[in-house]
Structures are given as C-alpha cells and as structure tokens.
Amino acid sequence: MNRTDRLYALVEELRAISPRCRSATDLAARFEVSVRTIERDIAALQQSGVPIYPQPGRRGGYVLDKAMSLPPLNFTPAEAVAIAVALGRAGRPPFARHARSALRKVVAAMPGRDGERARELAARVRLFDQAEDDDRAASAEIARVIEDALQHRRVLRLGYEDGKGALTTRDVEPGVFLGGRGGYWYLVGYCRLREDVRVFRLDRITAAELTGEPCPERAPDEFPTDIPDAIIRNPVFD
C-alpha cells in the first residue's frame, strides 16, 4: 500500500471505530508498517486539518472527532449477519480484505446495542470450511497487487503456470475480474506476450508485480468472458 492510500485508510479505520480510539501499535500491525511510520502519518493528517487527537492512558491511542464518524446505519443485526454470511461463503475473492473492512465499519456504526446483537447472532451461525477453495486461492500478496493494478489501471508483470504446468512471464493489461463456480476466480486481461486477450486463473498466478506503466484505455467489453460455467454478473449497489 502506498502512502497516499495508507493515509486515506488510516482515516477510514479511525472513522469506523469513532469515538473509540486505536493505538499506534495496533495501527502499525494493521497496516504492516512501523509505529514510527504511523506516528508520522498521523502528524501529516493532523497538519492537513483532519481532526485526529491523541487519547492518553494505558488503553489510549488516536481518536477521530466523532463529528467525522459515520452516522448510524439502518441495518438490523440479522441484515449485518446476512452480509457476513455472504462474504464467508464467497471464500477469498478479489477485494476480500476491503469487504471485511467494510463489514467492520457497518457493524461499528450500528446504533445502540445493534452491533453487539449482530455479533451475538453471528456466534450462532456456522459455515462449512471452504478449505478446498482456500487451497486454490491466490496468495494475499498476489491478490493485493492485482487489485491495485485493476483499480489504478497499471500494467502487471505476472508469473503464470498454465494447465499443463508450463511457466511463463507475461506483461498484462488487467481488464476485469471474473468469478466462476467452484471457488475459481479469473483475471481477464490483454497479454502482451500473446498479443491478445487471455484469461488467467488466479490460483495459477505464481508472482505479480506492478510495472508502474499506465494501461492503455480499453473498455470492459473489450475483454470477453466466455468461460464455461462462469457466473457472469456485475456487483449491484442499488
């Protein structure tokens, strides 16, 4: 995560738990940086006018002014658990870490005891362990690099193992993510090695790095997704 993204994420993390606080040690572990880096980031945010204040004491830390926190959301405890169940049954899809972060914010912003009731209800729900799906999932670091490339429109350099076990290195312009049955996820992108659109199963990607090169403009419909048995739909926000 680059510094700009981390600064934004820090504000969102503190916003989600406001008026509670979070220690620099906890934030450093959350963002996988040093405590000193977190302290510098917080100072930079304070200088830019973000109302973050230190809270002294053994359980102290940094707190965001409650005026900047999310208003109470009208999710019921059962609705919050339904979201958690849906995320749990999705295994480890792209943007899974963002989904978990969003769910924490939803629960933290629920009014009164609703958040606690949601946690109590969730403790009474059990999901089958999707170990088979997890074994086929891309590593967290690889998934993070691919997410960043798709979000910021940057060319990827991938190490890829095809169905026959052949290993290649390819520069790829990421196009779309595709979810399919059986826990598989795919990246559809323009492969410069093959000079055509190709489909890469995420669990077969052995390495991924950002090249820093911006992707040429290509519309999503330039990336065909004709994979047998694939579930093809867009996320719905309304």
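Modeller: Cys191 is buried, its relative accessible area being 0%. Cys21 is buried as well, with a value of 16%, which counts as buried because the cut-off is under 20%. The number of disulfides in this predicted model is zero.

The wider setting comes next. Of the 238 residues in the protein, 37% are buried. The chain forms eight helices and eight strands. Among contacts with a separation of 6 or more, 63% join residues 24 or more positions apart.

In soluble globular proteins, nonpolar side chains tend to be buried together. Here the largest nonpolar core has 17 residues, and Leu14, Ile38, Leu45, Ile52 and Tyr62 have the most contacts inside it. Two or more residues come from each of helix H1 (3–17), helix H2 (24–31), helix H3 (35–47) and strand S2 (61–64). H1 gives the most to this core, six residues. Leu14 shows what such a position touches: beyond its neighbours within four places in sequence, Leu14 is in contact with Arg22, Ile42, Ile52, Tyr62 and Leu64.

Methods: Residues numbered from 1 in each chain as written. Predicted model: local features only at pLDDT ≥ 70, side-chain atom pairs only at ≥ 80, totals over all residues. Heavy atoms only, no water. Helix = DSSP H or I, 4+ residues; strand = E, 2+ residues; numbered from the N terminus. Buried < 20%, exposed > 50% of the residue type's maximum accessible area, 1.4 Å probe, protein only. Contact = heavy atoms within 4.5 Å. Disulfide = S-S within 2.5 Å. Core = buried A, V, L, I, M, F, W, Y, C linked by side-chain atoms within 4.5 Å.
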